[in-house]
Amino acid sequence: MDNLDAAQNSVYEEEEQDVDPFHEEGMNLDTEDISEAGSSDIDRLNLDSDVADKARELRRRAPGVIFTSGRRDIARQARAMAGNVVVNRRWIEQTYRSTTAIQSLQQWVNSHPNADTVDEIARGLTDLMNAMPEAQRMGISKHLSGRAFDVKPNSCPTSAITALSPRQFLQREGGLVIWHVGF
Ligand SMILES: [Zn+2]
């Protein structure tokens, strides 16, 4: 696993937090049933309206594009993170830029070595995120504020995504291949 992947592959690198690397195929299929084709798949992403417009623009440019994730609530965000932590207990600090929120989340993992299932870790991270000030919590991921969507890798050309002028376009994070598009 190359911890530098996120930074190296970020086309639009910026200061803001959001690496958000937990979208590998399969993992989210049970909780994020939004990938099927249809006119309402973008609606179901529950994105901010201007971001939803970007998703529609992407669909126009690349009709075959498959969206795999949109806005997430805290529990879903925690579960997505837990799915990676259970494999690599340093995954949070290795993946995200170090902020107070991220340090807190990693510290929770460090101080709960007996929490070794996705459920246990997700519960701990959820409780912790719920206890954070909102601004801190929202900085964890643009998915929490409805300002990011994930696309199935290679379901559209990268040029169709860069044409949207996203603030983030991440193609690999924490060793996982994902296409994350943030605005
Ligand atoms: Zn994402």
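Predicted model: local features only at pLDDT ≥ 70, side-chain atom pairs only at ≥ 80, totals over all residues.
**Entry 1: two helices in contact**

I began with a pair of helices and noted that Ser-104, Leu-105, Trp-108 and Val-109 in helix 6 meet Ile-121, Gly-124, Leu-125 and Leu-128 in helix 7, where a contact means that two C-beta atoms, placed from the backbone, lie within 7 Å.

Residues are numbered from 1 along each chain as its sequence is written.

Two packed helices are described by the angle between their axes and the distance between the axes. For helix 6 (residues 100-110) and helix 7 (residues 118-131) I read that the axes come within 10 Å and cross at roughly 140°, the axes being lines fitted to C-alpha atoms over the stretch in contact, with angles from 0 to 180 degrees between N-to-C directions. The crossing of helix 6 with helix 7 is right-handed, a term used if the near helix is turned clockwise from the far one by less than a right angle, whereas anticlockwise is left-handed.

**Entry 2: the whole chain**

I then listed nine helices and four strands, which are DSSP runs numbered from the N terminus (helices H or I, at least four residues; strands E, at least two). From the N terminus on, their order is α-α-α-β-α-α-α-α-α-β-α-β-β. Of the 183 residues in the chain, 40% are buried, meaning that 20 or more other C-beta atoms lie within 10 Å of the residue's own, whereas exposed means 12 or fewer and partly exposed lies in between.

I also looked up the pLDDT, the predictor's confidence in each residue from 0 to 100, and its mean over the chain is 83, with 77% of residues at 70 or more. Over residues 1-18, however, the pLDDT is below 50, and it stays under 50 over residues 21-35 as well.

**Entry 3: the cores**

The largest nonpolar core has 19 residues, and Leu-45, Ala-55 and Phe-67 are among those with the most contacts inside it; such a core is a set of buried Ala, Val, Leu, Ile, Met, Phe, Trp, Tyr and Cys residues joined through C-beta atoms within 7 Å. Helix 3 (49-61), strand 2 (148-151), strand 3 (168-173) and strand 4 (176-182) each give two or more residues to this core. Another core, of 18 residues, lies apart from it and includes Ile-92, Tyr-96, Leu-105 and Ile-140.

**Entry 4: single residues**

Is Thr-117 buried or exposed? I found Thr-117 in the loop between helix 6 and helix 7, and Thr-117 is exposed because 11 other C-beta atoms lie within 10 Å. Although Thr-117 and Val-86 are 31 residues apart in sequence, their C-alpha atoms are 6.3 Å apart in space.

In helix 5 (residues 91-95) I looked at Gln-94, which counts as buried because it has 20 C-beta neighbours inside 10 Å. From Gln-94 to Gln-106, twelve residues apart in sequence, the C-alpha to C-alpha distance is 9.6 Å.

Finally I noted that Asn-46, a residue other than glycine, has a positive phi near 55°, and that Asn-46 lies in the loop between helix 2 (41-44) and helix 3.
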